[in-house]
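The tour goes from selection to selection and says what is found at each stop.

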Amino acid sequence: MASSYSTDLPGGSGNAGGAMVGRALWIVLWAIVALAGLAGGPAGAAGKRVALVIGNAAYPNAPLVNAVNDADAMEALFKKAGFDAVIAGKDLDRASMSRILDAFQDEARGADIAVVFYSGHGIEVSGMNYLVPVDARLTTDREVKYQAIPLDDVLASLDSVAKLRLVLLDACRDNPFLTGMKRVATKGAFTRGLARAEPVVSNTLIGYATGPGRVAFDGEGGLSPFTAALVERLTEPNVEVEFALRRV
């Protein structure tokens, strides 16, 4: 099953309503809870489980309040759940993001379940999504492919995972380069958020903090609204998944 799911949070820009939240989050988070045992399932029952966690906040001209906090919280969540390996990086430049992605791909080889969580800026150019390192200086659209990390590269790092490949993107903040980026290689207007990605690899789920082309709040301290809801509801003991996700 290759699927892409967008989620809107109440209070965020472009909220699409509770039906979309219930359907999308139920599918994405049921996969984590049921298959990865985050809500008290037996450790090791799902086979080898690995996670990659990245939080980028220290952008010189567009800093984020909560991205590193989000990453710390999700890293702790995966470790508490007994994942076999949790690779984490904070405030990474492009070279560091490439290295940590390579290390994760090696660790994920042969795993049954692999999860990637990213909190930070993400942009879309010509229908392709990119995760933005903290050292990116994107003055033109042509520079994006050289200075940012394509989401396709993240998905490719999961190719050898046997059962579930899950990517959670708390990355749909406003494009901080929108006003200053010159259009050289593309036509049409830039979007404010990420485009919908359709993974071609089987058993892949992509969860977004908001809908395509829309903007999610970073929050005002602590965690982003999306990450805060994940952390709070996924760790509640003895709560049925559907009820927990209604709370999310």
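What follows is a walk through a predicted model, beginning with the chain and ending with single residues.

**The whole chain**

The chain holds seven helices and nine strands. It has 248 residues, and 53% of them count as buried. How far apart in sequence are the residues that touch? Among contacts between residues at least 6 apart, 72% join residues at least 24 apart.

Select strand 5 (122–125), strand 6 (residues 128–131) and strand 7 (149–150). These three strands make an open sheet in the order 5-6-7, and the pairing is antiparallel. Strands 5 and 7 are at the edges with a single partner strand each, so one side of each has no neighbour in the sheet. Strands of a sheet pair through backbone hydrogen bonds, either parallel or antiparallel.

Take the pairing of strands 5 and 6 next. They are antiparallel and share four bridges. Pick Ile123 and look across to strand 6, where its bridge partner is Tyr130. Then follow the chain around the turn: strands 5 and 6 form a hairpin with two residues between them. Ser126 is in that turn and has a positive phi of about 55 degrees.

On the other pairing, two bridges join strand 6 to strand 7, again in antiparallel fashion. Which residues face each other there? Leu131 is opposite Ile149 of strand 7, and Tyr130 is opposite Pro150 of strand 7.

Move along to Arg137, in the loop between strand 6 and helix 4 (144–147). Setting aside residues up to four places away in sequence, Arg137 touches Pro60, Glu143 and Gln147. For one more distance, pick the C-alpha atoms of Arg137 and Ala148: they are 9.4 Å apart, with the two residues eleven places apart along the chain.

**Asn56 and Asp91**

Select Asn56, in the loop between strand 2 (49–55) and helix 2 (67–80). Asn56 is buried, and its relative accessible area is 0%. What surrounds Asn56? Leaving out neighbours within four places in sequence, its contacts include Leu64, Ala67, Met97, Tyr118, Gly120 and Pro133. Asp91 is another of these contacts. A polar atom of the Asn56 side chain lies 3.4 Å from the backbone nitrogen of Asp91.

Step across to Asp91, in the loop between strand 3 (85–90) and helix 3. Asp91 is partly exposed, with a relative accessible area of 34%. Its backbone is worth a check: phi is near 50 degrees, a positive value in a residue other than glycine. Most residues other than glycine have a negative phi.

**The aromatic pair**

Where rings are concerned, the count comes to one aromatic pair. Select Phe78 and Phe83 and show both rings: the pair is tilted, with 5.0 Å from centre to centre and 45 degrees between the planes. Phe78 is buried at a relative accessible area of 1%, and Phe83 is buried at 8%.

**The nonpolar cores**

Finish inside the chain. Which members of the largest nonpolar core touch the most other members? In this core of 44 residues they are Phe104, Val167 and Leu169. Helix 3 (residues 94–108) gives the core its largest share, five residues.

Not counting residues up to four places away in sequence, Leu169 touches Tyr118, Leu131, Leu151, Leu194, Ile206, Gly207, Tyr208, Ala209 and Phe226.

Terms used:
Residues are numbered from 1 along each chain as its sequence is written. This is a predicted model: local features need pLDDT of at least 70, side-chain atom pairs count only at pLDDT 80 or more; totals for chains, interfaces and linings use all residues. Side-chain values use heavy atoms; hydrogens and water are left out. Buried means under 20% relative accessible area, exposed over 50%, partly exposed in between (1.4 Å probe, protein chains only). Contact means heavy atoms within 4.5 Å. Two strands pair if DSSP finds at least two bridges between them. Rings of Phe, Tyr and Trp (its six-membered ring) pair if their centres lie within 6.5 Å; planes under 30 degrees apart count as stacked, over 60 as edge-to-face and the rest as tilted. A polar contact is a pair of N or O atoms within 3.5 Å; within protein, one must be able to donate a hydrogen and the other to accept it, and residues adjacent in sequence count only if both atoms are side-chain atoms. A nonpolar core is a set of buried Ala, Val, Leu, Ile, Met, Phe, Trp, Tyr and Cys residues joined through side-chain atoms within 4.5 Å.
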